[in-house]
Amino acid sequence: MSLHEDAVLVLKGYEGQPELRDVYLEHLAAHPDGVYKPCRAGHVTGSALVIDPERERVLLTLHKKLGMWLQMGGHCEPGDATLADVALREAREESGIASGLSLLPGGPVRLDRHPIPAPCNWHLDVQYAALAPAGAVAEISEESLDLRWFPYEEVAAVADTSVVRLLEATLARL
């Protein structure tokens with residue numbers, strides 16, 4: 001199965017946000033390359049909110065290009081077999097937590113479509129949550145300006161509404 005086919009199956013099985021889900025499915029139906037960065041109409045991305053439920057905190061990265069506190073995430077790559085693989089790979093790369101991260105069961109937590117500068121135009125982000133192992137030590141990557149654990153109650157003060165909604169949906173699933 002290709003990453004494109006996996007994305008279609010994952011989205012068809014996702015029960016939340018039906019209108020936005022349909023936008024994603026229409027995009028993939030119209031663009032066989034719609035999961036990859038070269039697709040100028042936009043492309044699917046995968047992200048994961050790294051969460052430590054035991055200590056009631058989340059790990060956010062200060063994005064180098066955007067200057068915003070965000071969950072870990074990025075573009076699909078040719079070696080990725082599934083959207084879950086994309087989200088978990090990005091979480092590992094950007095958090096520096098090389099082992100022990102696991103995706104919260106149940107598939108994606110949310111979807112978020114946001115504009116980005118040309119030539120890409122749109123990110124169609126499929127958002128997961130990744131559970132941090134006990135005692136996880138994060139290490140900043142070259143993609144970040146900073147990396148920091150935030151208590152749940154501080155996230156709204158530092159991040160935009162998309163991250164706050166992702167945290168709320170993640171906590172509702174725990």
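Here are some notes on this predicted model, point by point.

1. Ground rules. Residues are numbered from 1 along each chain as its sequence is written, and side-chain values use heavy atoms, with hydrogens and water left out. As this is a predicted model, local features need pLDDT of at least 70 and side-chain atom pairs count only at pLDDT 80 or more, while totals for chains, interfaces and linings use all residues.

2. Overall fold. The chain has five helices and eight strands, where helices (H or I, at least four residues) and strands (E, at least two) are DSSP runs numbered from the N terminus. Along the sequence the pattern reads α-α-β-β-β-β-α-β-β-β-β-α-α.

3. Size. The C-alpha atoms fill a box of roughly 45 × 30 × 30 Å along the principal axes.

4. Packing. Of the 174 residues, 47% are buried. The cut-offs are under 20% relative accessible area for buried, over 50% for exposed and partly exposed in between, with a 1.4 Å probe and protein chains only. Take the contacts (heavy atoms within 4.5 Å) between residues at least 6 apart in sequence: 66% of them join residues at least 24 apart.

5. Annotation. An unreviewed UniProt entry lists residues 41-172 as "domain: Nudix hydrolase". UniProt positions are in the numbering used here, feature names are shortened, and annotations may be inferred rather than shown by experiment. That stretch is 22% helix and 37% strand, with its end C-alpha atoms 33 Å apart.

6. The largest pocket. It holds about 940 Å³ of space. For the method: on a 1 Å grid over the protein atoms alone, a pocket is an open set of points where a 1.4 Å probe fits, with protein on both sides within 12 Å along at least five of seven lines, and lining residues have an atom within 4 Å of a point. Grid points are joined across faces, edges and corners, and the volume is the space filled by probe spheres set on the points.

7. Its lining. Of the 35 lining residues, His63, Leu66, His75, Ile116 and His123 lie nearest the centre. Elements giving two or more residues include strand E2 (57-63), helix H3 (83-95) and strand E7 (122-131), but the largest share, four residues, comes from E4. By class there are 10 nonpolar, 14 polar and 11 charged residues; Ala, Val, Leu, Ile, Met, Phe, Trp, Tyr, Cys and Pro count as nonpolar, Asp, Glu, Lys and Arg as charged, and the others, Gly among them, as polar.

8. Leucine 66. This residue sits in the loop between E2 and strand E3 (69-70) and counts as exposed at 52% relative accessibility. Serine 144 is 78 residues away in sequence, yet its C-alpha is 9.9 Å from that of leucine 66.

9. Two buried residues. Alanine 130, in strand E7, has 0% relative accessibility and so counts as buried. Beyond four places in sequence, alanine 130 touches Ala48, Leu49, Val50, Ile51, Leu101, Ser102 and Leu103. Arginine 21, in helix H2 (residues 18-30), is also buried, at 16%.

10. Backbone check. Glutamine 17 is not a glycine but has a positive phi of about 45°; this residue lies in the loop between helix H1 (3-13) and H2. Glutamate 56, in the loop between E1 and E2, also has a positive phi, near 55°.
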